[in-house]
Amino acid sequence: MAKGRGEHNAEPCKQVDSEMTRFFELFGKRWTGLIVAVLTEQGAYFAELRRAIPGISERMLSDRLTELTTAGLVVREVDAGPPLRVAYRLTDAGRALEPALKELSRWAENHLPSGGGCPEQFRD
C-alpha cells in the first residue's frame, strides 16, 4: 500500500557510511578534485597550479592545498631558490585516487552535457 504524501517507510532509510561522508567533506569542496587531477600528471609549483585551474583565486588554492596537505594527500616542498618557490606533489595516498578520477572523467564524458548545461531531457 502506498504511503500518503509526507509519510514514508523508515525501513529503507539509512545513513551514508562514515567513509563516504569523510570523502565528500574534503572532495565535495569546489576546486579540490581539480587540484588533485592536475597533480596526478606531475608535481607543480603554486603558480603552475594557479594557471592550470582557471577561475581559482590564490587564496582558495592556498586553502585547498593546505587541506589536502593536512589530509595526507599532498606534500608541500619549498625550493629555497632564489627565487623561493613552493612545489606540490601527491603522496602515495593521493596517487591512489588516479583510477577513481579517471573513471569519474569517463563518466562525465558519457553522461554529462558538454559546457555544464542542463541535460536535454530536463530542459523546458
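User: Which glutamate does the side chain of arginine 89 meet in a salt bridge?

Analyst: Arginine 89 pairs with glutamate 77, at 2.7 Å from N to O; a salt bridge here is a side-chain nitrogen of Lys or Arg within 4 Å of a carboxyl oxygen of Asp or Glu. The pair links distant parts of the chain, with arginine 89 in strand E3 and glutamate 77 in strand E2 (residues 74-79), 12 residues apart. Strands (E, at least two residues) and helices (H or I, at least four) are DSSP runs, numbered from the N terminus.

User: What kind of model is this, and which pLDDT limits apply?

Analyst: The model is predicted: local features need pLDDT of at least 70 and side-chain atom pairs 80 or more, while totals for chains, interfaces and linings use all residues. Residues are numbered from 1 along each chain as its sequence is written, and side-chain values use heavy atoms, without hydrogens and water.

User: Back to arginine 89: how exposed is it?

Analyst: Arginine 89 has a relative accessible area of 34%, so it is partly exposed; this class lies between buried (under 20%) and exposed (over 50%), with a 1.4 Å probe and protein chains only. Glutamate 77, at 32%, is also partly exposed.

User: How many salt bridges are there by this rule?

Analyst: The count is 7. Among them, glutamate 98 and lysine 102 have their closest N and O atoms 3.2 Å apart, and both lie in helix H6 (residues 98-111).

User: Changing topic, what does leucine 49 touch?

Analyst: Beyond neighbours within four places in sequence, leucine 49 contacts Val38, Leu39, Ala44, Leu61, Leu65 and Tyr88, contact meaning heavy atoms within 4.5 Å.
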